[in-house]
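Colleague: Could you walk me through this one slowly? I'm new to reading models.

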Amino acid sequence: MSETPTPKQALILWGLLGRQGSALQSEILPRVEKADRDALVGAGYLAAERAGRSLRLTVADKGWRWAGEHLDAPLPPAFRVLQDWLARVRGHLDASGSTLAEFIGAPPEPEPPAARPAGRTRRKPAEGAAPRTAKTAKAAKTTPGASGPKVPAKVPAKAPAKAPAKAPGPRRVRARIEDAYFALTAGETARAVRLSALRAHLADLDRATVDAGLAAILRGDETARLSQLTDPKALTAAEREAAYDPAGEPFHLIWIQR
């Protein structure tokens, strides 16, 4: 395909971005044709992976960049309403200085599959052996052997397993992020704090937990926001590593205003 998606292919990208960048192909309307899907995947705009009987389509970094720069790209004539709404979105982003990724927000975390209740499995008796019944089991316990009655050996009791530490809930994570922010700014508000410093201050929390707190802020927070480092000289390897990058537009800074 050419570097620019066709109107029909642009519609596929917007259909996925309306679902925060990822969805099953069967959930996208109008129907995604194989030729358009393969063209977008081949050009690096989409990624596709098998999900059961369907395919999961995910907008790649290149697709996010293209969409952020081409909100006015032509769509099929039947989708004039969407074209008009995208023009309104572009006006809002230009006026607010926000990015498309901030406007759309991070996708929700997928729910873990439900654990199957463990059931008791009945052991099959060995070939030629009589079925074990309650009566035969009782007899086996009381029949004396060469050295007297057979007494089952005592098995030492195992110490109860230690339950894994429970991950903090969203409110607690939000509070920890705010505490770390004000510890780093000595109590001052509206100062940019680098996520590299914030993560170092929250070293006892794993990255996924901190990222979940940052995702909640990005989805909408009255007093906190994330922003980017625009100076290429400031983007050290440490800042790139610590960045929160939900959709190809990395964030490096956090601001909190009480």
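Modeller: Here is a short tour of the model, taken topic by topic.

Modeller: This is a predicted model, in which local features need pLDDT of at least 70 and side-chain atom pairs count only at pLDDT 80 or more, while totals for chains, interfaces and linings use all residues. Residues are numbered from 1 along each chain as its sequence is written, and side-chain values use heavy atoms, with hydrogens and water left out.

Colleague: OK, how many helices and strands does the protein chain have?

Modeller: The protein chain has 10 helices and eight strands, where helices (H or I, at least four residues) and strands (E, at least two) are DSSP runs numbered from the N terminus.

Colleague: And what share of the residues is buried?

Modeller: Buried residues make up 33% of the 258 residues in the protein chain; buried means under 20% relative accessible area, exposed means over 50%, and partly exposed lies in between, with a 1.4 Å probe and protein chains only.

Colleague: Let's turn to the sheet: in what order do the three strands come?

Modeller: The open sheet has the order β6-β8-β7, with antiparallel pairing, and two strands pair if DSSP finds at least two bridges between them. The edge strands are β6 (193-194) and β7 (224-227), each of which pairs on one side only.

Colleague: How many bridges join β7 to β8?

Modeller: Four bridges join β7 to β8, which covers residues 253-256, whereas two bridges join β6 to β8. Leu 253 in β8 stands opposite Ser 227, and Leu 253 also stands opposite Arg 194.

Colleague: Which strands does helix α7 touch?

Modeller: Helix α7 (residues 170-184) packs on the sheet and touches β6, β7 and β8, and its direction makes about 95° with that of β8. Helix α9 (residues 207-219) also packs on the sheet, touching β7 and β8, with its direction at about 100° to that of β7. Contact means heavy atoms within 4.5 Å, and the angles, which run from 0 to 180 degrees, are taken between N-to-C directions of lines fitted to C-alpha atoms, for helices over the stretch in contact.

Colleague: New topic: how many aromatic pairs are there?

Modeller: The structure holds two aromatic pairs; rings of Phe, Tyr and Trp (its six-membered ring) pair if their centres lie within 6.5 Å, and planes under 30 degrees apart count as stacked, over 60 as edge-to-face and the rest as tilted. Tyr 45 and Trp 66 form an edge-to-face pair, 6.4 Å centre to centre with 85° between the planes.

Colleague: Where do Tyr 45 and Trp 66 lie?

Modeller: Tyr 45 lies in the loop between α2 (34-42) and β2 (46-51) and Trp 66 lies in helix α3 (residues 61-69), so the pair ties together parts that are 21 residues apart in sequence. Tyr 45 is buried at 1% relative accessible area, and Trp 66 is buried at 6%.

Colleague: And why is the pair of Tyr 181 and Phe 182 edge-to-face?

Modeller: Their ring centres are 5.1 Å apart and their planes are at 90°, so the pair counts as edge-to-face. Tyr 181 is buried at 0% relative accessibility, and Phe 182 is buried at 8%.

Colleague: What sits over the ring of Tyr 45?

Modeller: The charged end of Lys 62 does, 5.0 Å from the ring centre, and Arg 225 lies over the face of Trp 255 at 5.1 Å from the ring centre. A charge sits over a ring if NZ of Lys or CZ of Arg is within 6 Å of the ring centre and within 35 degrees of the ring normal.
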